[in-house]
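Visitor: I am new here and would like a tour. Could you show me what we have?

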Amino acid sequence: MTQPAAPQEVWITGIGLVSSLGEGPAPHLAALAAPPAPVLDEAGFAPFPIHPLPALNLDAQIPKRGDQRQMEPWQRLGTYAAGLALDGAAARALVGDMHLLVAAGGGERDAALDEQVCAAIAGLPPAEAAVRLNEMLASGLRPTLFLAQLSNLLAGNVSIVHGVTGSSRTFMGEEAAGADAVRIAALRLAEGRGGIALAGGAYVAGRWDMLLAYSGAAGVLWRGPGSVPAAERQARGGGMVLGSGGAFLVLETAAYARARGTPGIARLTTIAATASRRRDADTALAAARRLAAPLLPRLAPGYAVVSAGTGIAAPHAAEQEFLAWLRDGGAAQGAVATTGDHIGHTVEAAFPASLALAALLVQAGRAPQALVSGFGMWRGEALALVEPIPESEA
Amino acid sequence: MSSTRDHLGRPVVAVTGIGLVTPLGVGVAENWAALTAGRSGIRRITRFPTAHMKTTIAGQVDLPEEAGRAMPPSSPERVERMGTIAAEEALAAAGLGGDRFPGPLFLGMPPVEVEWPQRLELARRAQGNTGGAVRYPDLIAAAEGRQDLFEGFLYGGIAERMADRFGTEGAPISLTTACATGASSIQLGIEAIQRGEATAALCIGAEGSVQPEALIRFSLLSALSTRNEEPTRASRPFDKAREGFVMSEGAAALVLESLEGARARGAEVLGLVLGAGERADSFHRTRSNPDGGAIIGAMRAAIADAGLAPAEIDYVNAHGTGTPENDKMETLGMLAVFGEGATPPISSNKSMIGHTLSAAGAVEAAFSLLTIRHGVIPPTINHETPDPAIPLDVVPNVAREARVRRVLSNSFGFGGQNVCLVLGAAE
């Protein structure tokens, strides 16, 4: 569904971005201009290459060690990135009435315990295995691990650590959750339900439990060198290279930002999302075209494209066709960047991360506009358009 | 005829379909009869062995298709099945059955992950006849070609299949706000209609987590009742001897429409959703701030969003989990919002169905609407020893006839996510 005519303009005023390239805007903007060699861990989760987490000074964003201990890497990463966004927007004092929308998968399982249990009981008769399972879980699971696993506890930790308490909603559903978290945040601001929101997500790539969930399907996980870009992977059967990353955005109505004298990074002109069934005539390409139709007349020559795509064959092909259709239909297209080629595919964080890169591009004056396109690994199509905030308005 | 715009000029949101599945039964009629009779749906767990567990009772919904299956349905399968049953009932009531629903789907549900039956099946294949160590890479090798595992355990998989089945519009949203999840799904539907993004929304809360690991995890947090010898008496919200909640499962679905749209197509309006309020707490992962600020804020915000004063609320459908902490905090919220001596009756249907977690907010919104329609307040059963610290009319043990026009339904979750809804009479 496309965002209806909105009475309130929405700006991106803060960005919290963490990936294997580092943290903050600088390394990411630099990578878009002159891509460095991607940072990869090819061995740790072989045969799957991943982009690992960078070293984080957790104390800087999660000052209480007790809070750090209550979380596993996924929640820590998200909470850390959320804090960077708040700092970037200079919005620490505004958290009491700030809306929070988080796109989440789940937290880390205790992989060692899983392996112990599998080894111990897989060969037992079912009734015996069931009893032994209870015994091993009841004595082996750490009580606090449950909270570190709960999907909504990334948001819970952002509330606890950073004090964001206006509201709290967690969306699940892979890439689509990331787009919808930002979309619903922007819609609520646009219709006057509050002035400021924090939206985003995080993903930790180095996780056997998640790799297991994705590994069953053919062509979803790439098993070759991680440095092969999406376009080349496509030609060799496709597949995604997962990346560790956290991406949060502070969104504000223009009026709210102006009133507190915040210049803003970019205007979020449009964000729209849908989900085609990807069968028969209900294709991802057709769905994306419908989302883009209202945007076509707005596109300015030289607009950049930031793809949040996966590199999985079918959605990647659909996205390429979509971008070609855009080129045929209107303004001259500028540079196309694929976020995953730089930081890996960050699943729930992929769309927010790509939106962050798009906002940085237009803020830096490298493009008159930037279009973010997202084609999820299984379902979900999303688009966003960001534009510079004219100096006279800021 | 009342206005189709509310006090803020927004479209009034009507409920035209309700569907329910709980341990008390399948369908609105069965549930309402059991609920007003004060019957408990809690029993000993029969789904799996409970040796080594501190808690051995739960609310369980037995799906017809699970008898005779080698591998039990996974939690996501249960969520999808119960959510679908509830949605079908709601859509039939609304006269919107078929494969084209004119609005989006909001599905409140628990997190998803590969579960033990699947993991152990892969481990057996990995071990072959040799036994011995099994590492994750071995499980992954054994999972090759298992598209069913991929699609079955995607976070967005359930909502996608339901969106396909019911033909809802746009991207379905799957969401979780812990124990407030079901209420959040309704809130998203209200907002989509109020902002004119849609004229209808299918809002579902569903839960299917009665399985060994989930039960043990809650147990390790000391959140569950251990009154195993008396399952039907274990869930005792507001009672002095309360000692934890009872895990349960089920689903509820509401068809929301703009009142204007519902009238235009001649649909029967079952009730109205007058308002919603939310507030997050920053105090602790499993406990509310002792000042009750977020709970009080969410209750007040919902009442204000409905354009009402506290005195206009006739009844409160409690979050009422039966944990010592929740019921104390909810009492604090009641006294702060309504004032001492001015609190309306409050009851907890969790005393009968247990805590349906991700479904609870939607189940309780459905029961709130039925309370209004039938003029009967369901009781809080197992209320044997009043807690002097809870000076509330909790409608103890026996249902009560009452004229109820407006209900506040509370949902408070782990992680500090609090959502309250105000439901109202159709006219």
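Visitor: How should I read the numbering and the model?
Guide: Residues are numbered from 1 along each chain as its sequence is written, while chains are lettered from A and ligands numbered from 1 in the order in which they are written. This is a predicted model, where local features need pLDDT of at least 70, side-chain atom pairs count only at pLDDT 80 or more, and totals for chains, interfaces and linings use all residues.

Visitor: Is A:Thr170 buried or exposed?
Guide: A residue is buried if 20 or more other C-beta atoms lie within 10 Å of its own, exposed if 12 or fewer, and partly exposed in between, with C-beta atoms placed from the backbone. A:Thr170 has 29 C-beta neighbours inside 10 Å, so it counts as buried.

Visitor: Which strand of chain B pairs with β5(A)?
Guide: Helices (H or I, at least four residues) and strands (E, at least two) are DSSP runs, numbered from the N terminus. A:Thr170 lies in strand β5 of chain A. Two strands pair if DSSP finds at least two bridges between them. Here there are three bridges in the antiparallel sense, and the partner of β5(A) is β6 of chain B, residues 173–176.

Visitor: Which residue stands opposite A:Phe171?
Guide: Look across to β6(B), the strand paired with β5(A). The residue in β6(B) opposite A:Phe171 is B:Leu175.

Visitor: Which element gives the most to the side of chain A that touches chain B?
Guide: The contact takes 68 residues from chain A and 68 residues from chain B. Elements of chain A that each supply at least two residues include α5 (111–121), α6 (126–140) and β9 (266–274). With nine residues, the one that gives the most is α6(A).

Visitor: How far apart are the C-alpha centres of the two domains of chain B?
Guide: Domain bounds come from an automatic or database domain assignment. In chain B, domain 1 covers 13–113 + 153–424 and domain 2 covers 117–151. Their C-alpha centres lie apart by 37 Å.

Note on methods
Contact = placed C-beta atoms within 7 Å.
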